[in-house]
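The following exercises are to be worked through with the sequence and the structure at hand. Each task is followed by its solution.

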Amino acid sequence: MPSISLRIKLDPAGRIGSGKIDLLEQIAASGSISAAARQMGMSYKRAWDLVEEMKRMFGRPVVDAQTGGKHGGGAQLTDMGEMLVSRYRAVEEAATRAAQEHMDALQAEMAQPQETALPD
């Protein structure tokens with residue numbers, strides 16, 4: 001089934017897409033940047049770099065990370081991080097609704113058997 005994948009350009013700051021949003025959702029679900037990174041099959045450094053990139057883009061943190069210690073660390077989304085996920089998913093949902101008729105038509109075309117030319 002066709003689906004839409006969005007990348008929103010935030011010129012000149014950068015862009016936000018499903019990968020960064022998925023990371024934020026995994027951090028929210030697991031309470032940990034390292035656990036989110038493992039779940040997504042990326043290194044902790046890559047996840048941390050993406051979190052820092054989003055912080056630079058928006059001028060404020062999207063994740064509040066607590067360093068480890070006797071009781072361990074943790075991470076949670078800031079209000080900015082929660083708003084970012086919510087707004088991105090709303091845009092994604094609106095785009096999917098707007099394109100649904102065309103995606104259905106594309107799916108129907110893909111399901112049609114291909115005509116093969118017979119030799120003369």
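**Exercise 1.** Which residues of the largest nonpolar core touch the most other members?

*Solution.* The model examined here is predicted. Its largest nonpolar core holds 22 residues, and Leu24, Ile27 and Val63 are those that touch the most other members. As a next step, consider the elements that contribute: helices H1 (18–30), H2 (33–40), H3 (44–58) and H4 (79–111), together with strand S4 (74–77), each supply at least two core residues. The largest share, five residues, comes from H3. Finally, take Leu24 by itself: leaving aside residues up to four places away in sequence, Leu24 touches Met54, Val62, Val63, Leu77, Gly81, Leu84 and Val85.

**Exercise 2.** Determine which residues of H2 are buried and where they lie around the helix axis.

*Solution.* Applying the limit of under 20% relative accessible area for buried residues, one finds Ile33, Ala36 and Ala37 buried in H2. These residues lie on the same side of H2, because they cover an arc of only 100 degrees around the axis. In general, an α-helix has 3.6 residues a turn, so residues three or four places apart point the same way. The cover over the buried residues of H2 includes H1, H3, strand S3 (63–66) and S4. The face turned away from the buried side carries Arg38 and Gln39, which are exposed. After H2 comes Gly41, with a positive phi near 70 degrees.

**Exercise 3.** Is the peptide bond from Asp11 to Pro12 cis or trans?

*Solution.* Omega for this bond is near -5 degrees, and the bond is cis. Pro12 itself is located in the loop between strand S1 (7–10) and strand S2 (14–17).

Terms used:
Residues are numbered from 1 along each chain as its sequence is written. This is a predicted model: local features need pLDDT of at least 70, side-chain atom pairs count only at pLDDT 80 or more; totals for chains, interfaces and linings use all residues. Side-chain values use heavy atoms; hydrogens and water are left out. A nonpolar core is a set of buried Ala, Val, Leu, Ile, Met, Phe, Trp, Tyr and Cys residues joined through side-chain atoms within 4.5 Å. Buried means under 20% relative accessible area, exposed over 50%, partly exposed in between (1.4 Å probe, protein chains only). Helices (H or I, at least four residues) and strands (E, at least two) are DSSP runs, numbered from the N terminus. Contact means heavy atoms within 4.5 Å. The arc is that of the directions from the helix axis to the C-beta atoms.
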